[in-house]
Amino acid sequence: MKGKQDSIINLQLLKNWLKNRKVKIFLLLLLYPNIVCFTPDSTGNSNSFVDLVLGMGKYAKATYTCKGQLTSITKYSFFDYGAGFTHKIDVLNIGVRGGGFTINDAVNESQENSAYGSAYTIPAYSSFYMNPFVGLDTKYFELNGGFLWLSNLAPYGSSLNDYLAIDASDIQIAGDIRIGNKEAFHFTSQYLSSIPLLSSSIFDMGFGFGSNESRTMTWIGLSAGPFQNGGLSIKQNIQITDNFDLLLKGRIGQIESNLEGSISAGARYNF
């Protein structure tokens, strides 16, 4: 019993330490290449990149009776942002992602009785998140794993919580995988490992089509979370210069005649 209590205390201390130092940790990791005066060598064994992305979208949370009849639907809209830093040494990936989101005032519309249906507003809320990770990256295979820390869990009833692997916890497992040549045809999937977290979807899986001549890549797949239903997602990386890429993402779906979609745009700087 004492050992279990000590573990709980240590976990809470870790959460408090991360919460109090989240900005410093994120900035330190983001500026890591400059701090150590890092310069990639000509053999390509080491490289780094930084992503900065903004996004927005909307989704809905529908509830049903045991017979499948719609009882209520809550409509949400959001704005989110994210940044990430990844450093690769040979086949080793280390990095951190982070950002935040604000989910605006949501409207819940009762459908139980059309003659006496009611509606009420759910107040807006915001959260900050951080996702340190480590992994293996080769030409034909990539696997990254880590954890995602949320500063503020979503209010009860939001479909955001439906996609958390560890119920009612502000620390979640996170990871992504790639199978196939990243410069050609390949499969990828990720969970809580995209930026921004909401507009890029909590979970997705699909196929990418790369190029041997540039970093330009097109990806098409399915995504979910916080979107209640699955939807079509498209990601487009466009190489602009030797150092800069344009990052575009879009997602569209539907639930009970309500659009569930998002868009995001940003840039990547390659060191």
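1. Lys182 is partly exposed in this predicted model, because its relative accessible area is 32%, which falls between the 20% limit for buried and the 50% limit for exposed residues. Its salt-bridge partner is Asp137, with the closest N and O atoms 3.4 Å apart. Lys182 sits in the loop between strand 8 (171-180) and strand 9 (185-191), whereas Asp137 belongs to strand 6, so this contact ties together parts of the chain separated by 45 residues in sequence.

2. Asp137 itself is buried, at a relative accessible area of 6%. Asp137 also forms a salt bridge with Lys88, where the closest N and O atoms are 3.7 Å apart. Since Asp137 lies in strand 6 (residues 125-137) and Lys88 in strand 2 (residues 70-89), the pair joins parts that are 49 residues apart in sequence. Both Asp137 and Lys88 are buried.

3. Which residues are linked in a network of salt bridges? The network consists of Lys88, Asp137, Glu142, Arg178 and Lys182. The two contacts of Asp137 described above, with Lys182 and with Lys88, should be read in that context. The overall count of salt bridges comes to nine.

4. A further salt bridge is formed by the side chains of Asp204 and Lys235, at 2.9 Å from N to O. This pair links distant parts of the chain, with Asp204 in strand 10 and Lys235 in strand 12, 31 residues apart. Asp204 counts as buried because its relative accessibility is 2%, under the 20% cut-off. Lys235, at 16% relative accessibility, counts as buried by that cut-off too.

5. The surface carries a nonpolar patch formed by Phe185, Phe207, Phe209, Ile220, Leu232, Ile234, Ile252 and Leu259. Together these residues have about 730 Å² of accessible area. Strand 10 (203-209) and strand 12 (231-239) each contribute at least two residues to the patch. Strands 10 and 12 are also the elements that hold Asp204 and Lys235, respectively.

Terms used: Residues are numbered from 1 along each chain as its sequence is written. This is a predicted model: local features need pLDDT of at least 70, side-chain atom pairs count only at pLDDT 80 or more; totals for chains, interfaces and linings use all residues. Side-chain values use heavy atoms; hydrogens and water are left out. Patches are made of residues with over 30% relative accessible area and no salt bridge: like charges are joined within 9 Å, nonpolar side chains (Val, Leu, Ile, Met, Phe, Trp, Tyr) within 5 Å. Accessible areas come from the Shrake-Rupley method with a 1.4 Å probe; for residues, only the protein chains shown count as cover. A salt bridge is a side-chain nitrogen of Lys or Arg within 4 Å of a carboxyl oxygen of Asp or Glu. Helices (H or I, at least four residues) and strands (E, at least two) are DSSP runs, numbered from the N terminus. Buried means under 20% relative accessible area, exposed over 50%, partly exposed in between (1.4 Å probe, protein chains only).
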